[in-house]
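Hi,

Here is the structure I promised to pass on. Have a look at it first, and my notes on pockets and salt bridges follow below.

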Amino acid sequence: MDKVVIGDDLGKKLGQELKMPFISFEDRIFNDGEVQPRLAKEEKTKEAILIIQKKQKENINSYLVKYLLLLRKIRDLSQKTIAIMPYLPYSRQDSVFREGEPLSSLYLAELIEKNTDVFLTCNMHEHRKKIRDLFKIPAYNVFLFEEMAEKFKEFSPSNTIVIGPDREAEAFVDNFCRNFPASKLIFEKHRNKETGKVNFIYPENTGDILKGKEVIIVDDIVSTGGTILETAKIIKQFQIKTINFAFVHSIFGDEVIDRLAIIGPKKIIFTNTLENLHYAVDIIKPLARYFLEHNLGGFIDFYEK
Ligand code: R5P
């Protein structure tokens, strides 16, 4: 065999998009929590893509160990491997915030690249470290905000303001506005390292800017929902028309809908980088397009022309 996609349902869809054969795997978890993934078929191949989505109820560390074990297994079967982690865990731990902590994002990248030739992820949290600061192998960060902007095409850009809750979100807002040319507004977020409490700074004339507008808050990750909800609460004080959310990674899957519903959004748009039933943007087509548009370290020869 020349090439294969190995993975879960996302892998199956990616295989179909790239016209590559697909091998699934079986998930097994022992009583003590140890994981034992098992490939449905063992075959030698020149090149393999591994793509796995973290499941809703799955522990993030079980997901990681499973992924790393499969990468190592594939090393014995394939000459080259492309690893796709739609959501890269630990990417927010991109600094030693307090003495004695590990630099987790870097250490995890070191484990991944041991058995990988090319790495791909979606909207990695690139705050203090860029993807190329973490990986020594070719590594790519696929931005999905242009794709997400498609879901707001019934809004008029001239009557919409796109908001980033913090400075780092400006890159997401810019990416979003490439496909939806609305005005932007960027808040500043400050977090107390000890208590985790956040507060926001925004321009004095925010009320005038937002009056009568559709507002879309854009961010990479929603975890507790704290960042996006606190931003929304500030915005709701003003006389806006509607409030909407667009983010890539829903850390708690479908639960996010209930968490954000309390603020009364018109639209909540997110992707399936992590498993959930309510995603509006499927990552497979943009990922497949990215593969075809970029020469991934010579891997372009993979694909059916
Ligand atoms: C932080 O800088 C990120 O971009 C997100 O804003 C943050 O991780 C979201 O987390 P939470 O939903 O817990 O506020």
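**What I found**

The lining of the largest pocket is made up of 13 charged, 13 polar and 6 nonpolar residues. (Ala, Val, Leu, Ile, Met, Phe, Trp, Tyr, Cys and Pro count as nonpolar, Asp, Glu, Lys and Arg as charged, and the others, Gly among them, as polar.) Before you go further: this is a predicted model, where local features need pLDDT of at least 70 and side-chain atom pairs count only at pLDDT 80 or more, while totals for chains, interfaces and linings use all residues. Residues are numbered from 1 along each chain as its sequence is written, and side-chain values use heavy atoms, with hydrogens and water left out.

The largest pocket has a volume of about 1,000 Å³. Of the 32 residues that line the largest pocket, R92, F97, R128, K189 and R191 are the closest to its centre. A pocket here is an open set of points on a 1 Å grid where a 1.4 Å probe fits, with protein on both sides within 12 Å along at least five of seven lines, and lining residues have an atom within 4 Å of a point. Both domain 1 (3-144 + 283-300) and domain 2 (145-269) give at least three residues to the lining of the largest pocket; the bounds come from an automatic or database domain assignment.

The second largest pocket comes to about 230 Å³. It has 13 lining residues, and the closest to its centre are V142, F143, E146, R289 and Y290. Helix α10 gives the most to this lining, with 4 residues. (Helices are DSSP runs of H or I with at least four residues, strands are E runs of at least two, and both are numbered from the N terminus.)

Now the salt bridges: a search of the whole structure finds 26. To count, a side-chain nitrogen of Lys or Arg must be within 4 Å of a carboxyl oxygen of Asp or Glu. One of them pairs K267 with E154 at 3.1 Å, N to O. K267 sits in strand β15 and E154 in the loop between α5 and β9, so the pair ties together parts that are 113 residues apart in sequence. K267 is buried at 19% relative accessibility, whereas E154 is exposed at 52%. (Buried is under 20% relative accessible area, exposed over 50%, and partly exposed in between, with a 1.4 Å probe and protein chains only.)

Another salt bridge joins E170 and R167, with the closest N and O atoms 3.2 Å apart. Salt bridges that share partners link R167, E170, D174, K184 and E188 into one network.

Cheers

Note on methods: Grid points are joined across faces, edges and corners, and a volume is the space filled by probe spheres set on the points.
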